[in-house]
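Trainee: I would like to learn how to read a structure like this one, feature by feature. Could you walk me through it?

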Amino acid sequence: QVQLVESGGGLVQAGGSLRLSCAASGRPFSSYTMGWFRQAPGKEREFVAAKNWSGSRTYYADSVKGRFTISRDNAKNTVYLQMNSLKPEDTAVYYCAADGNPLTTAQAMGDQSRYKYWGRGTQVTVSS
């Protein structure tokens with residue numbers, strides 16, 4: 001069992017930055033694929049970014065490429081999402097997800113049905 005707790009959300013003006021953190025506890029974090037997803041009001045949850053266990057594979061949604069960066073610190077059991085140049089359309093609840101399977105392709109790592117463990121989410125609001 002893995003428990004995930006997100007933090008770092010908040011209210012920021014357009015063009016600003018936020019860094020989300022996701023602290024994991026339970027089974028060994030270093031072997032897990034980690035992902036970030038988001039859900040805006042009235043919309044389905046969508047993929048944002050993911051990184052495999054070794055950090056050798058990283059994928060981003062087209063909408064955040066060049067603005068967001070996912071990173072992980074296996075020693076701290078934490079994954080981060082650095083969000084720069086934020087836009088009002090980035091407003092959403094952001095969820096951290098984890099899975100113990102060695103996901104390697106963009107399709108797999110971007111598929112939320114492949115992730116077994118989820119955090120409760122953290123709200124990000126970007127004002128115009």
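Mentor: Gladly; we will take the sheet, the disulfide, the aromatic rings and the salt bridges in turn. Please keep in mind that this is a predicted model.

Trainee: Let's begin with the sheet. In what order do the four strands of the open sheet come?

Mentor: The general idea is that strands of a sheet pair through backbone hydrogen bonds, either parallel or antiparallel. Here the order across the open sheet is β1-β3-β8-β7, with antiparallel pairing. The edges are β1 (2-7) and β7 (68-73), each of which pairs on one side only. From one strand to the next, the twist averages 15°.

Trainee: How many bridges join β3 and β8?

Mentor: Six bridges join them: β3 covers residues 18-26, β8 covers residues 78-83, and the two run antiparallel. To find your place on the screen, look for Leu-18, which stands opposite Met-83 in β8.

Trainee: Now the cysteines. Which residues does the disulfide join?

Mentor: The structure holds one disulfide. Cys-22 is joined to Cys-96, with an S to S distance of 2.1 Å. Cys-22 belongs to strand β3 and Cys-96 to strand β9 (residues 92-99), so this pair links distant parts of the chain, 74 residues apart.

Trainee: Why is the disulfide of Cys-22 and Cys-96 called left-handed?

Mentor: Look at the torsion about the S-S bond: it is about -80°, and therefore the disulfide is left-handed.

Trainee: Are those cysteines buried or exposed?

Mentor: Cys-22 is buried, with a relative accessible area of 0%. Cys-96 also counts as buried, at 0% relative accessibility.

Trainee: On to the aromatic residues. How many aromatic pairs does a search of the whole structure find?

Mentor: The search finds five. To read a pair, check the distance between ring centres and the angle between planes; an angle over 60 degrees counts as edge-to-face. Take Phe-37 and Phe-47: their ring centres are 5.7 Å apart and their planes lie at 70°, so this pair is edge-to-face. Phe-37 sits in strand β4 (residues 33-39) and Phe-47 in strand β5 (residues 46-51), so the contact ties together parts that are 10 residues apart in sequence. Both Phe-37 and Phe-47 are buried.

Trainee: And what about Tyr-115 and Trp-118: how far apart are their ring centres?

Mentor: Their centres are 6.3 Å apart and their planes are at 65°, so that pair is edge-to-face as well. Tyr-115 counts as buried at 5% relative accessibility, whereas Trp-118 counts as partly exposed at 25%. Ring pairs link Phe-37, Phe-47, Tyr-115 and Trp-118 into a cluster.

Trainee: I can see an arginine by Trp-118. Which arginine lies over the face of that ring?

Mentor: That is Arg-45, at 3.8 Å from the ring centre of Trp-118. Arg-45 also lies over the face of Tyr-95, at 5.3 Å from the ring centre.

Trainee: That leaves the salt bridges. How many does a search of the whole structure find?

Mentor: First the idea: side chains of opposite charge can pair when their charged atoms come close. In this model the search finds four salt bridges. One of them is between Arg-38 and Glu-46, whose closest N and O atoms are 2.7 Å apart. Arg-38 is buried, with a relative accessible area of 5%, while Glu-46 counts as partly exposed at 36% relative accessibility.

Trainee: Where does Asp-90 lie relative to the strands?

Mentor: Asp-90 lies in the loop between β8 and β9, and Arg-38 in strand β4, so their pair ties together parts that are 52 residues apart in sequence. In the salt bridge of Arg-38 with Asp-90, the closest N and O atoms are 2.9 Å apart. Asp-90 is buried, with a relative accessible area of 1%.

Trainee: Which other arginine meets Asp-90 in a salt bridge?

Mentor: Arg-67 does, at 2.7 Å from N to O. Arg-67 lies in the loop between β6 (58-60) and β7, so its pair with Asp-90 ties together parts that are 23 residues apart in sequence. At 10% relative accessibility, Arg-67 counts as buried.

Trainee: Which residues make up the network of salt bridges, then?

Mentor: Arg-38, Glu-46, Arg-67 and Asp-90 are the residues linked in that network.

Definitions and conventions:
Residues are numbered from 1 along each chain as its sequence is written. This is a predicted model: local features need pLDDT of at least 70, side-chain atom pairs count only at pLDDT 80 or more; totals for chains, interfaces and linings use all residues. Side-chain values use heavy atoms; hydrogens and water are left out. Two strands pair if DSSP finds at least two bridges between them. Axes are lines fitted to C-alpha atoms, for helices over the stretch in contact, and angles run from 0 to 180 degrees between N-to-C directions. Rings of Phe, Tyr and Trp (its six-membered ring) pair if their centres lie within 6.5 Å; planes under 30 degrees apart count as stacked, over 60 as edge-to-face and the rest as tilted. Buried means under 20% relative accessible area, exposed over 50%, partly exposed in between (1.4 Å probe, protein chains only). A charge sits over a ring if NZ of Lys or CZ of Arg is within 6 Å of the ring centre and within 35 degrees of the ring normal. A disulfide is a pair of cysteine sulfur atoms within 2.5 Å. A salt bridge is a side-chain nitrogen of Lys or Arg within 4 Å of a carboxyl oxygen of Asp or Glu.
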